[in-house]
Every structure is written in structure tokens, then in C-alpha cells.
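Please take a moment with the sequence and the model before reading on. The briefing below is meant to be followed with both in view.

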Amino acid sequence: MFSLIGKPVEVNSFQGTQQQTIRVLFIGNSYTYVNDLPWLTQQLAESAKETRTLETEMVVVGGATLKSHWKGGKALKLLKAKRWDYVVLQEQSTLPITNPKEMYKYASLFDAEIKRVNSQTVFYLTWAKQNQPETQQILTDSYMTIAKELKAKVAPVGIAWQKVQKANPKLNLYSPDESHPSPIGSYIAACVFYTIFYQNTAVGLSRRIYSSQFSTPQEGNRLELESLSETDAEIIQNLVEYIVRKI
């Protein structure tokens, strides 16, 4: 369904010293590249007028597991080639439920290499499929267990989805396939990652969700995918703040 994508996210930031940027490598699959999650996170940082700009790249392949990324070698090569403040690891959507041992093995291998280059691992805790909400707890437990073992950070996106959906059932977080994120679903994820990377609140940041595929912010003619109401944005931002602080 999804083609191979390995293109780096465009960096929308001034050229500065390393201290003036936060650099993040995302390793994952379509849950990362649908709606261009790294770019959405950059836009939140821009709307916050952060003094440290966010630069991101991603190594992503549809349906990829951490095992396939490890064996493929591209992610490891990029990990070693540049300086990263954080490296985000996203496992295939159901593997933490069906085969957590395999997830743990390759998560541990990646984490060792991430530590070797003085970076920090962040696990992208994803969401249950729309028709299987009962599996969220298993996903959460799998990610939290390995993160605790490796002393890594967790981006609790799936937990945030669950809480936002409960607070406002009318918000559509899923694509029609009941698996991939809608623009709002990706916006929640971006709020979580912004909070993790900057150790700052997403409350009050931009509630407009744009596509990265048509233009850069400076051109002023971005394609808007969604514009959240003030109330819905406040619900999402406040819940993300609460959940990330609690983890």
C-alpha cells in the first residue's frame, strides 16, 4: 500500500551552530511519514518561536520493523554519520503485541548504538487500531517495559490518543483504513514530540495543521489540512501536557 520512502524531511531553519538546533532522527514506517509527523513537529516549534530550531530527518519504509531497519543498514549509517540529540524508534504497529521479544532485541541493539554516539533514544509509543482499542494496554506495556529497561524516553502518543478520544469522541484521529493517523491524529503526536524535545508545554501553540508537500512556511500559501477549534486544540494540548508529565 505504501511505497519505499527514505527522503529526509526538509529542514526549515536558519543555518546556526549546533547549539542553536535540536536534531532528531526518526526511524520507523508509515505511522511516522503519513502527514509528515517530523515536519508537523517542526511547525509547532516554529509557532512557539523557540530559540533552538528543530531539524529532523527520517528513515522510513512502509510496514518496516526495527529488525528490518537494523538489517537494512541505512538507519544505522545515518545514525553514525551525523550528530543527533534524539533518535526516535517506532516499531511496526502490531509487533509489540504479537512479538515483543523481537521488538526488545532490535530496540536494544539500536539503543546501544544511539548511546554510543551520545544521543538519546525516544520510543514512539503508538496507538491501537480503531477496531481493537483493547490492545492499547498491551502496546503501552511493551513500550514502557523496554524504555524502563534501557532508561530511554517514551513519547506516549497512543495514550494521548486514547485520552483525547475519550474527551471528545467526535474528533476523528484515524484515516479511513482505521489504522493510520488522520491529520488530527498526527497533530496529537506532534504535540507529544514537541513537549519531549523541548521539555516545554504545547499549550497555546498553533492549532492549524498544514501539509508539508506543497510549500514552505515562508511562502505563505501552505495547504491547510485541518484547523482545530480553540476548544479542541486546548483539550489536546492540555491532555498531552498532563500525560507527558505523568510518564
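Predicted model: local features only at pLDDT ≥ 70, side-chain atom pairs only at ≥ 80, totals over all residues.

A pair of aromatic rings is described by the distance of the centres and the angle of the planes.

**Aromatic pairs**

- The ring centres of Phe-26 and Phe-197 are 6.2 Å apart and their planes stand at 80°, an angle over 60 degrees, so this pair is classed as edge-to-face.
- Phe-26 belongs to strand 2 (residues 21–28) while Phe-197 belongs to helix 9, and the pair therefore links distant parts of the chain, 171 residues apart.
- Phe-26 and Phe-197 are both buried.
- For Tyr-124 and Phe-193, the ring centres are 5.2 Å apart and the planes lie at 85°, so this pair is also edge-to-face.
- Because Tyr-124 is in strand 5 (residues 120–124) and Phe-193 is in helix 9, their pairing ties together parts that are 69 residues apart in sequence.
- Tyr-124 and Phe-193 are both buried.

**His-180**

- His-180 is placed in the loop between helix 8 (157–167) and helix 9 (183–198).
- His-180 counts as buried because its relative accessibility is 9%, which is under 20%.
- The side chain of His-180 makes a polar contact, at 2.5 Å, with the side chain of Asp-177.

Definitions and conventions. Residues numbered from 1 in each chain as written. Heavy atoms only, no water. Helix = DSSP H or I, 4+ residues; strand = E, 2+ residues; numbered from the N terminus. Buried < 20%, exposed > 50% of the residue type's maximum accessible area, 1.4 Å probe, protein only. Polar contact = N/O pair within 3.5 Å; in protein donor to acceptor, adjacent residues only side chain to side chain. Phe/Tyr/Trp six-rings, centres within 6.5 Å; stacked < 30°, edge-to-face > 60°.
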